[in-house]
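Hi everyone, thanks for making time this morning. Please have the sequence and the structure open while I talk, and we'll walk through them together.

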Amino acid sequence: MTNLLVRLFIKDYQNVKDSRVREQYGKFAGVVGIVTNLLLSVIKALAGFLFHSVAILADAVNNLSDSASSIVTLVGFKLSAKPADKEHPYGHARIEYISGLIVSLVILLLGFQLVQSSIGKILQPEETEISLLAVAVLVVSMLIKLWQFFFYRKLGRRIASTTLEATAADSRNDVISTGAILIGMGITRLTGYNLDGWMGLVVAILVIVGGVKLIMETSDPLLGIAPSKELVDGVYQKILSYKGVLGLHDLSVHNYGPGRCFASVHCEVPAEQDVMVSHDIIDNIERDFLQDMNIHLVIHMDPVVTDDERTNTLKQQVVQKLRTLSTEIDMHDFRVVWGNTHTNLIFDVCVPFGFQWSDSELLQRVEETIKELDSHYFTVVTVDHDYVPHFVEK
């Protein structure tokens, strides 16, 4: 059903990497949400007034807010598709995250309003009429909301949209909350105890919990989150597949919204290799990353001496020593300044965020460990932090 609708309303629906097609997906999802949620809101509002049920009215207001959220989604996708300009050189794709945050805040505000109305119904209960028509309205609502959940989740995953993923989660919560109302109506029918206000309160709490969770999920991309391990591993494997690259380090990835990924990395190349050859390799890697992975990659070229046997032997000894400290420690940019009275070992160590030791403690342990090789060795070490530790050897 979802695929059929997409085929009917979205041209070139397979090309999800195209920003224009992605915008069409988002606008289509927004229109579907506006229409279906507005229809549900009107039907439930009529049923709520007709049968004097605050729980059904709360559900109607919930659907009305969903319709408003769909408008935000529609506008968000439209604005996020704007091209880069002088004020925003990295584009406007992060507006989609902002629209997702707005949707989350609307959901949270609605939850608190429902709490207030439900408590009022608990303190001053009003007779609620239970009929097959009211039950039918709620069952149909659950089926439509269940379809919305699968619809939004499918589109959200297809175009990697946090906004649509958040909307899918909200639709799932609506199924649960409407189900709670039905259960309450059944208990009321069997026992005679009016649970309408209490069921409204249950719905409100579910809405609030869902709103808080969605706020956290939609705020993370705005704050800046680490790339996935799969992406980092993919970058390492792809770069190391090029002949003439000895290793890489200091990978940094920045996400400016869906389809707007920028990264930088240091690539080690043989110092004795012609600089024009190395430069050509680097250019090829940058171009291939943009074409194959849609990543704007900038590479800093690090020449590494490979024909000095004495330095290479010492480097391997240092690597082995560092691994006795922790398997999470990586090393790069190794240089040696040999002297008569002492020798300086200059290198960087890389550890993941949240490493067991502080930087100062790590430096102290590294120095003590290197001294075990030779008391005349002095270390000049810089500590880097990486998303995932990698031991790069070719």
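Let's begin with α4 and α7, which are roughly antiparallel to each other. For that word, angles over 145 degrees count as roughly antiparallel, under 35 as roughly parallel, 65 to 115 as roughly perpendicular, and the rest as oblique. Here the two axes cross at roughly 160 degrees and come within 7 Å. The axes are lines fitted to C-alpha atoms, for helices over the stretch in contact, and the angles run from 0 to 180 degrees between N-to-C directions. The element names come from DSSP runs, numbered from the N terminus: helices are H or I with at least four residues, and strands are E with at least two.

Before going on, a word on what we're looking at: this is a predicted model, where local features need pLDDT of at least 70, side-chain atom pairs count only at pLDDT 80 or more, and totals for chains, interfaces and linings use all residues. Residues are numbered from 1 along each chain as its sequence is written, and side-chain values use heavy atoms, with hydrogens and water left out.

Back to our pair. α4 passes α7 in a left-handed crossing; left-handed means that the near helix is turned anticlockwise from the far one by less than a right angle, and right-handed means clockwise. What classes of residue make up the contact of α4 with α7? There are 23 nonpolar, nine polar and two charged residues. In this count Ala, Val, Leu, Ile, Met, Phe, Trp, Tyr, Cys and Pro are nonpolar, Asp, Glu, Lys and Arg are charged, and the others, Gly among them, are polar.

Now look at α5 and α6. Their axes come within 8 Å and cross at roughly 160 degrees, so α5 and α6 are also a roughly antiparallel pair. The crossing of α5 and α6 is left-handed. By class, their contact has 15 nonpolar, seven polar and six charged residues.

In soluble globular proteins, nonpolar side chains tend to be buried together. The largest nonpolar core in this model has 24 residues, and Ile56, Leu114, Ile181 and Val207 touch the most other members. Which helices each supply at least two residues of this core? They are α2 (19-51), α3 (54-80), α4 (95-123), α5 (132-158), α6 (162-191) and α7 (196-223). The largest share, seven residues, comes from α7. By nonpolar core I mean a set of buried Ala, Val, Leu, Ile, Met, Phe, Trp, Tyr and Cys residues joined through side-chain atoms within 4.5 Å. Buried is under 20% relative accessible area, exposed is over 50%, and partly exposed is in between, with a 1.4 Å probe and protein chains only.

Zoom in on Leu114. Leaving aside neighbours within four places in sequence, Leu114 is in contact with Ala58, Val203, Ala204 and Val207, where contact means heavy atoms within 4.5 Å.

α8 passes α9 in a right-handed crossing. On the α8 side, Leu231, Val235, Lys238 and Ile239 meet Ile285, Asp288, Phe289, Asp292 and Met293 in α9. The residues of this contact divide into six nonpolar, no polar and three charged.

Leu231 is partly exposed, at 23% relative accessibility. Not counting residues up to four places away in sequence, Leu231 touches Val253, Met293 and Ile295.

Gly247, in strand β1 (residues 247-255), is buried with a relative accessible area of 1%. The C-alpha atoms of Gly247 and Tyr236 are 11 residues apart along the chain and separated by 8.7 Å.

Finally, two backbone details. Asp250, in strand β1, has a phi near 55 degrees, a positive value in a residue other than glycine. Asp250 is partly exposed, with a relative accessible area of 25%. Asp333, in strand β4 (residues 330-337), has a positive phi of about 55 degrees although it is not a glycine. Asp333 is partly exposed, with a relative accessible area of 26%.
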